[in-house]
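The following exercises are to be worked through with the sequence and the three-dimensional structure at hand. Each task is followed by a solution in steps.

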Amino acid sequence: MTLLETRGLSKSFGGVHAVAGLDLTVSQGEVLGLIGPNGAGKTTVFNLLSGFLTPDAGEVRFRDRSLRGLRPHTICALGLARTFQIVRPFPRLSVLDNVVIGALGRHAVAARAREHARAVVERVGLGAKAGQAAAGLTLAERKRLELARALATEPTLLLLDEVMAGLNPTEISGVVALVGEIHRGGVSILLIEHNMRAVMALSHRIVVLNFGETVAEGAPAAIANHPRVVEAYLGEEYVHAAPPH
Amino acid sequence: MLFGGVFSLMAVGLTLIFGVMRVVNFAHGDMMVWGMYLAWLMATRVGLDPYVGFLVCAAALFVLGFVVQRALVQRIVDAPHEMQILLMLGVALVLENTALLLFGPEPQRVRSGLAQATLWLGPVFVDVARLIAFGVAVVLTLLLSLFLFRTDLGRAIRAAADNTYGALVIGTNVRRVYAVAFGVGAACVGAAGALVSPLLPFQPPTGLQLSVASFNIVIIGGMGSLLGAFAGGLLVAVAESLGAVFLRPSLKELVSFSLLVVILLFRPTGLFGRRTS
Amino acid sequence: MIRLLIVAAVLLLAALPLLPSVFGSYAVTLFTLIFFYGFLGQAWNVVGGYAGQLSAGHAAFLGIGAYTSAVLSVEKGITPWVGMFVGGALAAALGALIGFLGFRFGLRGFYFVLLTVAFAEICRIIASNTDAIGGAVGYYITFTGDPRQFQFQDARAYYYVALALMLAATGIVAWLEQQRFGLYLSAIREDESACEALGVNTFRYKMLAMVLSSFLTGVGGAFYAFYLFSLQPSSVFGIPLSVEIIIRAVVGGAGTVFGPILGSFILSPLAELARHYFAQGGWHGAHLIVYGMLLIAVVLFLPEGAYPRLARLFHR
């Protein structure tokens, strides 16, 4: 079942086509990886999907409902949650309160929201820091907090924007495991990522973006050796380079 | 209409401060009023005509601006905007009420020999005083542009405005640059105050009206653009003169504030300026 | 240690209603003002402290509440006990307008402050030029001392009313702080976009905060009118009054339940002292210099306000 579908999605800034006629689908239960060089338009896509930007052209349908003109909070209420590439915790609020904000979207009564938030905080492994102010967390912890907050809104589809960025290999493994676990819990995921290991490990399918349009699409193994992907990342000269032995 | 020149000078000062440091100077109008009072002091105590004395006012206000920036604003450069607003509000309160304490609440005006003279300029009857004010304002603005675009310090200020981090990296003494920029901005307004002091009765509460006028101009012209500030000044002066023609004098203030609301709501990206997010 | 503090606070709270019997009239007046400005500061706290939308024009709401209840009482004989809610409602309407314009048009920070100041000044100018309500000279209410008309012979009655207002506002804020409303506001203050991404309708909540804040302030206006019996546009709509309101919350601790109260307990005596010291001048601007310097000092050295700092001190 198709969860998210975009058709001809386009957005320009000045003369630059950040996103040019993008057709994308995410199916229920899928983890879709979105990769591409810097400036390929990936975060712009997220902003368009989550309502922070309005498309110049094209359609976005989520659970068979058009998202055109909807404000971000409405889209979140419909079940599409996102994280930010540069994490945005509420610095003066505690870890728990940060997550409670997300939970309040589904549980209007503060006490109930707090219970739910506590469970989510435990699930992402921040239980010990629940009472601490978010400002005092390490980057890895903030990434988990960002995840927890979005998770607390009980999304059907979660957009993760470079959630591994800036983490060391141990931390990355931890997050990969967490994302996998979230997915197994029934949440479909669309993730932007530069860390290839993580993308390969998590994704069922990968879409490669460059200059705002799809350059390649397919299973991880196919993408890894796809000439156009190599070209996009490394430039034309490397397309015919001999693979390492 | 010739007021526009002076307005522009005020606006340029404010833009300099905002453009460089992203600090909104709520005390702007009150600084101008101090320029006026200083001019008055010099005229009455020393007999110095404000059209000469404005230089002293500019210098004094420069010092004030420099000190305020160095001692106060610099400490909260990284603080949330609300804190900066409150800080400058505090400064405004201190300035306005110290003036009230020292000079009393009655309106003052500066007597200048030149203020009495008038001149026929073609078909139009023109106040010499206003003409001089306009002229000096234009000259000062030109000098300021020269400073910013031709001198090293000026370039450093512009660099810091565009990209603080980059400026730091290339070794700019950003703190000094900021303080100088603030000082120059204050000096502009001090000069403007002195130039206008024979033309306008002033009292400490005038500070707020002047601040509002400055904000009007700067927002129209686009925060951060000097040229826009200059053009905006002329525009707002025209608008206000028109307003004064059609409305009761006591409602002239109403025009300023209503104009401010309209400008705030429909604020353009600026005639020449860049919108800051 | 914290338990000791709570006990002390409860004792103080219990003592407050008893104080008038012990106090002389000067102390009663001082405390009445402390409570009243604490109330106003708390009202401002909702939108300025919790929601983080700095308003420097709250005097507009006070003025509307004051004039409305005064005019209704004098011209139509409607008792201020009712008039205060009408005044509050009208103030809330203006609050809604300002909020709508500000939030719909994306005015944040400095721009929003300017908007509020502009509206307050516009109100002042209109009031100054409307002869029907006394123009610049002012509107006067004759003292009848009739409690049903919200007038009291005994100054101590005002003490209790002001205390009740302050406690009510504080109670409301304390309750809301723990509800979704309060939690959302605190988050909005931190990062609006992040809130939006988490499903928070930031526009709605900012509007609610604005309406509540302006309503309460408007109600306070009625007290003001029937405590002072004379209203001048320049004092009732003026910036000095807006500053009085803001500074209590800011100095005491914006965004906390006890901040405005603590702030009022600090500031009112301070203002009185300044007024006395400079009384020879025969004018009342000196305390504003003190306010200005205090604002500067707080921003530089105590940005979260006195209460949070004290609370941390006692936590150890």
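**Exercise 1: A helix of chain C**

Solution. Helices (H or I, at least four residues) and strands (E, at least two) are DSSP runs, numbered from the N terminus.

This is a predicted model: local features need pLDDT of at least 70, side-chain atom pairs count only at pLDDT 80 or more, and totals for chains, interfaces and linings use all residues. Residues are numbered from 1 along each chain as its sequence is written, while chains are lettered from A and ligands numbered from 1 in the order in which they are written.

**Exercise 2: Surroundings of the helix**

Task: State how many residues of α14(C) are buried, and against which helices they pack.

Solution. Step 1: A residue is buried if 20 or more other C-beta atoms, placed from the backbone, lie within 10 Å of its own. Step 2: In α14(C), 12 of the 16 residues are buried, so the helix is largely enclosed by the rest of the structure; among them are H287(C), Y291(C) and L295(C). Step 3: These buried residues pack against α4 of chain B and against α12 (239–252) and α13 (259–277) of chain C.

**Exercise 3: The contact of chains B and C**

Task: Describe the side of chain B that touches chain C by its elements and residue classes.

Solution. Step 1: Two residues are in contact if their C-beta atoms, placed from the backbone, lie within 7 Å; 33 residues of chain B meet 33 residues of chain C. Step 2: Two or more residues come from each of α4 (81–103), α10 (206–221) and α12 (252–265) of chain B. Step 3: α4(B) gives the most, with 15 residues. Step 4: This side of chain B has 24 nonpolar, six polar and three charged residues, where Ala, Val, Leu, Ile, Met, Phe, Trp, Tyr, Cys and Pro count as nonpolar, Asp, Glu, Lys and Arg as charged, and the others, Gly among them, as polar.

**Exercise 4: A sheet in chain A**

Task: Give the strand order of the six-stranded open sheet of chain A and its edge strands.

Solution. Step 1: The order is β6-β7-β8-β3-β9-β10 (chain A), with mixed pairing; two strands pair if DSSP finds at least two bridges between them. Step 2: β6 (80–82) and β10 (213–218) of chain A are the edges, each pairing on one side only. Step 3: Strands β7 (residues 157–161) and β8 (residues 188–192) of chain A run parallel, joined by five bridges, and L160(A) stands opposite L191(A) in β8(A).
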